[in-house]
Structures are given as structure tokens and as C-alpha cells.
Amino acid sequence: MTRIASHRGGTLEFGDSTPAGFAATATMALEEVEFDVHPTSDGAIVVHHDATLDRTTDRTGAIADLTLAEVQAARINYGAGASPLTLEQLCAIYATSSVSFRCEIKPGADGRPYADFVPRVVETLGQGGMLARTGFSSFLIATLDDLRAASDRPMLWLVSPPVLHQLGAAAMIELARAHAIPEIGVNIDTASHDLQAGVTDAGLDFGCWAAHTTPQIDKALALGVKVFTTDRPSLAIARRTAHLEAGK
Ligand code: FE
């Protein structure tokens, strides 16, 4: 069965990376919650998509330049007055949930990996009791290299449309194998049966991200990809139920 990952806690249903969205996702009939992490200036790890607060909150600034107190003074837009969570707080929300973590390691606002960040994320997930239920993702090969050095947990490479077009499928697969990356995730709009077959024939797992509309979700289900991320987890669950019923 194709796995569903609630993207940033279901952005189009609950706001972008909001506590309400993460709490709701923890009770849903799906397999994964996707989220992104950034370091603060004083050593905390914050769950937020962007590297800055500018687009999604009432404050501004790069998270890495702010203290945790400064970040948690921000109110998330459409977030019911709530502030960004720490990774510890997210672990606590999922302690009794059957939903697993899909943790994306983001670069900083300059697009470069944060220094010495990956081992701290792995350690914090371990302390929070969630590491054994975590898979990792990143767009950055260097970050996936860091992950492989820090953890034996599953990981996948997020391949953007421009990178896919620039590399081509064969070079993408070659690069994944060279870096011992076991799974590739592409934007749903660049997914195809041929691309999926090429990846799985090479012994790699294949998934998709950004399946937010009914046609995009149905495409992921029809392909039978391993997993897809969606901003609309409730819609995805309903579509998957219909897909499974139709296949009976
Ligand atoms: Fe993400």
C-alpha cells in the first residue's frame, strides 16, 4: 500500500508547520508526518519549513541567527496563535502516535548545510524516543552523506524538477548509488511510469512529493509509489480509501 506523508503537518488543512497540524496528523490514518528542522543560535532545533521566519510568521529573521525564545515569540500565520515547535516538543506529540517521522534536514538561508547539524538532530530524535521511527530526507547530497555517517536510519534524496532535468534519470540513479542512497523522491508532476521503473529496476525505492490536488494524489496512487507527501492529508486518506475499494 502506498504510504501517505502529511507534509509539514498538512499545510493546506492546518497552516504551514503548525502545532495544530502536527497534533491532528498524529491521530490520522496515515503512515508519516513530514517536517523540516533548523538550528537556533542558542543550540535548539526548531521545526519550521523556511530558514527564516519572514514568509510564514509575524516576525522576521533567519532562525539560525535567533535564540529559541526569539523564534518562539513568533506566531505562525494561520496557526491559531501558535509558535514554531522544537524538535523535542514534536517528539512528545508523537510519543503515543503510530505515525512515523519523515524528517527533512534543511540548508540555511544561504542554501548551504548548517555546520555540525545532522548529528545533533539524530541525537535529539534518539533522546525523544523517535529515532527508531524516523526516516530522513534532504535535497542535499552532502547532508545525506552526513546522515549516513550519523545514523543507520532510512533516508531518501529529494530530487527537484530542475535537478532531474539537468541530470537525467540515468545520472540521477548513478549518483544515488554512488552515495548509497536507497530511495529517490521526485515532484509528483515529474513522476512517470518509466521513471519509476528505471529507479526500481536499479534496486532503489521510488516516491513522490507535493501531491496536493486530487489528480496529483490519484496519480501517485495509480503509479503505486512507495510514499508521497501531501499538504492535504485528509483528502489523501479519502482518495486512498477509494482507490483501495476500487481495486477490490
Ligand atoms: Fe520538507
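Biologist: Let's start with T56. Is T56 buried or exposed?
Modeller: T56 is buried in this predicted model. Its relative accessible area is 5%, and buried means under 20%.

Biologist: Where does T56 lie?
Modeller: T56 sits in the loop that runs between β3 and α3, and α3 covers residues 68–71.

Biologist: And what does T56 touch?
Modeller: Leaving out residues up to four places away in sequence, T56 touches D16, H48, D50, R75, I76 and N77.

Biologist: How far apart are the C-alpha atoms of T56 and I181?
Modeller: They are separated by 31 Å, and the two residues are 125 residues apart along the chain.

Biologist: OK, now S100. Where is S100 found?
Modeller: S100 belongs to strand β5.

Biologist: Why does S100 count as buried?
Modeller: S100 counts as buried because its relative accessibility is 17%, and the cut-off for buried is under 20%.

Biologist: Which residues does S100 touch?
Modeller: Not counting residues up to four places away in sequence, S100 touches E31, E32, V33 and R133.

Biologist: E32 and V33 take us to β2. How many residues of strand β2 are buried?
Modeller: Strand β2 spans residues 32–39, and eight of its eight residues are buried.

Biologist: Which residues are on which side of β2?
Modeller: One side has E32, E34, D36 and H38, and the other has V33, F35, V37 and P39. Both faces are covered.

Biologist: Which way do β1 and β2 run, parallel or antiparallel?
Modeller: β1, residues 3–7, and β2 run parallel and are joined by three bridges.

Biologist: How many bridges join β2 to β5?
Modeller: Six bridges join them, and these strands run parallel. E34 has R102 as its bridge partner in β5.

Biologist: What about β2 and β3, parallel or antiparallel?
Modeller: Those two run antiparallel, with three bridges between them. Strand β3 covers residues 45–47, and P39 has I45 as its bridge partner there.

Biologist: How many residues lie between the strands in the hairpin of β2 and β3?
Modeller: There are five residues between the strands, and G43 in this hairpin takes a positive phi near 95°.

Biologist: Switching to helices. Which residues of α6 are buried?
Modeller: In α6, residues 141–150, the buried ones are I141, T143, L144 and L147. They cover an arc of only 155° around the axis, so they are on the same side of α6.

Biologist: What covers the buried residues of α6?
Modeller: The cover includes strands β5 (100–105), β6 (134–138) and β7 (155–159), along with helices α5 (118–127) and α7 (161–178).

Biologist: And α8, which residues are buried there?
Modeller: In α8, residues 193–201, L195, Q196 and V199 are buried. Their arc around the axis is only 100°, which puts them on the same side of α8. On the other side, H193, D194 and D201 are exposed. In general, an α-helix has 3.6 residues a turn, so residues three or four places apart point the same way.

Biologist: What covers the buried side of α8?
Modeller: The buried residues of α8 have a cover that includes α7, β8, β9 and α9 (214–223).

Biologist: What follows α8?
Modeller: G203 follows α8, and its phi is positive, near 90°.

Biologist: You mentioned β9. How many of its residues are buried?
Modeller: Four of the five residues of β9, which spans 205–209, are buried. Five bridges join β9 to β8 (183–187), and the two run parallel. V186 has C208 as its bridge partner in β9.

Biologist: Last topic, pockets. How much space lies in the largest pocket?
Modeller: It holds about 220 Å³ of space. The lining has 17 residues, and R3, E32, G135, P154 and K226 lie nearest the centre. By class, seven lining residues are nonpolar, three are polar and seven are charged.

Biologist: Which strands each supply at least two residues of that lining?
Modeller: β5, β6 and β7 do.

Biologist: And the largest cavity, what is its volume?
Modeller: The largest cavity has a volume of about 40 Å³. Its lining is I105, K106, P113, Y114, F117, V118, T143 and D146. Of these, five are nonpolar, one is polar and two are charged.

Definitions and conventions: Residues numbered from 1 in each chain as written. Predicted model: local features only at pLDDT ≥ 70, side-chain atom pairs only at ≥ 80, totals over all residues. Heavy atoms only, no water. Buried < 20%, exposed > 50% of the residue type's maximum accessible area, 1.4 Å probe, protein only. Arc of directions from axis to C-beta. Contact = heavy atoms within 4.5 Å. 1 Å grid on protein atoms, 1.4 Å probe; cavity = no way out; pocket = protein on both sides within 12 Å on 5 of 7 lines; lining within 4 Å. Points joined across faces, edges and corners; volume = space filled by probe spheres on them. Nonpolar A, V, L, I, M, F, W, Y, C, P; charged D, E, K, R; others polar. Pairing = 2+ DSSP bridges.
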